[in-house]
Amino acid sequence: MERRELFSFLSSSVKEVGREKNKEEIIVRPPYYKDADAFATECQNCQGECASLCQEQIIVIQEDKTPRLDFSKRGCTYCDACAQGCPSDLLLVQNKHEIAVDVVINEQKCLSWQGVMCFSCKDPCLENAIDFKAMFMPKINDACTSCGFCIGRCPAEAIELVQKDRE
């Protein structure tokens with residue numbers, strides 16, 4: 001094994017362990033519910049229709065049979081398909097709201113904040129919700145819909161979710 005391969009292997013192993021340790025479990029639900037507590041009861045007899053209807057394939061059915069959004073590869077387009085197909089009426093189009101998380105950039109992890117030219121988060125943003133001061137220092141602006149498209153694209157995993165209370 002060459003020296004470069006060894007360091008690459010070691011850094012990826014450390015990165016995986018760090019990811020598991022630092023990752024606070026935030027369950028992000030589809031943006032069409034009125035009562036978050038109803039997931040525990042309403043989803044028990046469901047076959048996960050919302051996940052199969054999701055065009056972006058970001059809805060994952062957990063062990064407790066409730067849906068959560070996984071932004072590791074894509075984001076939510078707010079297309080309404082999951083709500084239209086929900087057999088229990090837990091997810092309804094008329095309850096549509098922004099996803100109940102704030103998207104934040106961890107400046108300590110962000111490559112741009114460290115002086116590396118990177119626009120990985122800005123490119124997939126459908127709402128132009130990421131502003132750069134000069135060519136560095138990205139900030140998320142008020143146009144953010146918490147769709148999550150930027151999260152999986154960040155090579156430094158610097159984009160994080162913070163749970164917020166729904167009004």
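F119 comes out at 28% relative accessibility, so F119 counts as partly exposed (buried means under 20% relative accessible area, exposed over 50%, partly exposed in between, using a 1.4 Å probe and protein chains only). Keep in mind that this is a predicted model, where local features need pLDDT of at least 70 and side-chain atom pairs count only at pLDDT 80 or more, while totals for chains, interfaces and linings use all residues. Residues are numbered from 1 along each chain as its sequence is written, and side-chain values use heavy atoms, with hydrogens and water left out.

**The nonpolar core**

- The largest nonpolar core is made of 40 residues (such a core is a set of buried Ala, Val, Leu, Ile, Met, Phe, Trp, Tyr and Cys residues joined through side-chain atoms within 4.5 Å).
- L91, I99 and I159 have the most contacts inside the core.
- Skipping neighbours within four places in sequence, L91 is in contact with P30, Y32, Y33, F39, C50, C82, A83 and C86 (contact means heavy atoms within 4.5 Å).

- Strand 4 and strand 5 (residues 136-140) run antiparallel and are joined by four bridges (two strands pair if DSSP finds at least two bridges between them).

**Aromatic rings**

- There are two aromatic pairs in the structure (rings of Phe, Tyr and Trp, with its six-membered ring, pair if their centres lie within 6.5 Å; planes under 30 degrees apart count as stacked, over 60 as edge-to-face and the rest as tilted).
- Y33 and F39 have ring centres 5.3 Å apart and planes at 70°, so they make an edge-to-face pair.
- Y33 counts as buried at 8% relative accessibility, and F39 counts as buried at 1%.
- F119 and F132 form a tilted pair because their ring planes sit at 55°, with centres 4.8 Å apart.
- That pair links distant parts of the chain, 13 residues apart: F119 is in the loop between strand 3 and strand 4, and F132 is in strand 4.
- F132 counts as buried, at 17% relative accessibility.
- R29 has its charged end over the ring of F39, 4.6 Å from the ring's centre (this needs NZ of Lys or CZ of Arg within 6 Å of the ring centre and within 35 degrees of the ring normal).

Methods:
Helices (H or I, at least four residues) and strands (E, at least two) are DSSP runs, numbered from the N terminus.
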